[in-house]
Amino acid sequence: MKYSRIIGTGRCLPDKVVTNADLEKIVDTTDEWIRSRTGIERRHMAAEGETTCDLAEGAVREAMAAAEIGPDDVDMIVIGSTTPDQVFPNMGCLLQARLGIHGPAAFSLEAACSGFIFALSVADKYVRCGDVKTAVVVGAETLTRIVDWNDRGTCVLFGDGAGAVVIRADDEPGILSTHIHADGAYKDLLYFPSGVSKGFDQLKAGADAVQMRGNEVFKVAVNTLGQIVDETLEANSLGKEDIDWLIPHQANIRMIQATAKKLGMPMERVVLTVQDHGNTSAASVPMALDVAVRDGRIQRGDRLLLEAFGGGFTWGSALVRY
Ligand code: UT7
């Protein structure tokens, strides 16, 4: 039986930091409201001309350096992103061109905030079946580009960034299981209205923005994340006490606390970046993982539960022996 193991992690954040106090000058909000309702204190924002692929490249270079691999070792690139640089070529191909990787499959997939978990699940399957030895998996976004900066209900929430992992085939686990789900019945609770084959004129005019019925999203998310925790533990015949670290999607501290409570985990065992990064959509889980790997909290052999929830709705988890 083959498994995939995470052999390197990396992240890249834009230099520009926007604090809650900065936002108080733009919309009718307060630092107190943002902190108490979301846990966010600051977020990074891409500079003019800085793209999702720029951030993805930074994260991948770090992850490849940590994994001690070169371009010729990469057999597959999978990127979760809803804010790609171009309609095509896909961001995997754009990354290949920058990294000097020629030939292996490279593609991006859209699953909103669950994009990294979906990408990890796909890459893990390819490694497990033996077709791929080494894969680069990325979550990268520039959500601040598609929010309405007059809408206090959404603009205070999002930030930009990218996180990446390198996974490699191994006889020992590794990624123990991944679980991905979607339910389009919730498509109207969190969405971006226009695309290429619909509303292209609005898109070109920059007239559209992320739409969210936050309160309704919140309730479904908390419930669904609780269920996926159960599903993941059951699939591995493990109990709550077997998880060393929870690495959740960083959308809202209150959502994270609810999931930790469900797991009976003290918050000291939960990796939190929401205060510094805001909600970076598909980038949030791999960036949080990288933070805790690099600061030494996560050690080899630890059991990690990664989970995410996003527009679609989409949701997913991965249980990892690091
Ligand atoms: O990442 C993918 C999934 N996304 C999420 O998981 C987001 C889930 N939702 C949330 O995190 C929360 O619902 C929000 C943080 C978006 C909103 O928090 P809430 O506690 O659900 O607030 P609410 O939407 O029920 O609004 C409460 C009040 C409203 O005022 P009234 O109607 O009670 O007078 C809002 O207008 O808070 C007001 N409000 C704000 N006030 C100050 C909304 N946004 C702001 C703001 N500053 N930025």
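Gly100 follows helix 4 and has a positive phi, near 70°. Helices (H or I, at least four residues) and strands (E, at least two) are DSSP runs, numbered from the N terminus. The model is predicted: local features need pLDDT of at least 70, side-chain atom pairs count only at pLDDT 80 or more, and totals for chains, interfaces and linings use all residues. Residues are numbered from 1 along each chain as its sequence is written, and side-chain values use heavy atoms, leaving out hydrogens and water.

Now go to the other end of helix 4. Asn90 caps the N-terminal end, with a side-chain oxygen 2.6 Å from the backbone nitrogen of Gly92. Helix 4 spans residues 91–99, and its buried residues are Met91, Gly92, Leu94, Leu95, Gln96 and Leu99. Buried means under 20% relative accessible area, exposed over 50%, and partly exposed in between (1.4 Å probe, protein chains only). The cover over these residues includes helix 3 (52–67) and strand 4 (76–80). Strand 5 (105–109) and strand 6 (134–142) are also part of that cover.

Next comes the interior. In soluble globular proteins, nonpolar side chains tend to be buried together. A nonpolar core is a set of buried Ala, Val, Leu, Ile, Met, Phe, Trp, Tyr and Cys residues joined through side-chain atoms within 4.5 Å. The largest one here has 33 residues. Leu120, Ile167, Ile247, Ile298, Leu304 and Leu306 touch the most other members. Helix 5 gives the largest share, 7 residues. Another core lies apart, with 27 residues, including Phe158 and Trp315.

Last, Val196. This residue sits in the loop between strand 9 (190–191) and helix 7 (200–205). Val196 is partly exposed, at 49% relative accessible area.

Conventions
Contact means heavy atoms within 4.5 Å. A polar contact is a pair of N or O atoms within 3.5 Å; within protein, one must be able to donate a hydrogen and the other to accept it, and residues adjacent in sequence count only if both atoms are side-chain atoms.
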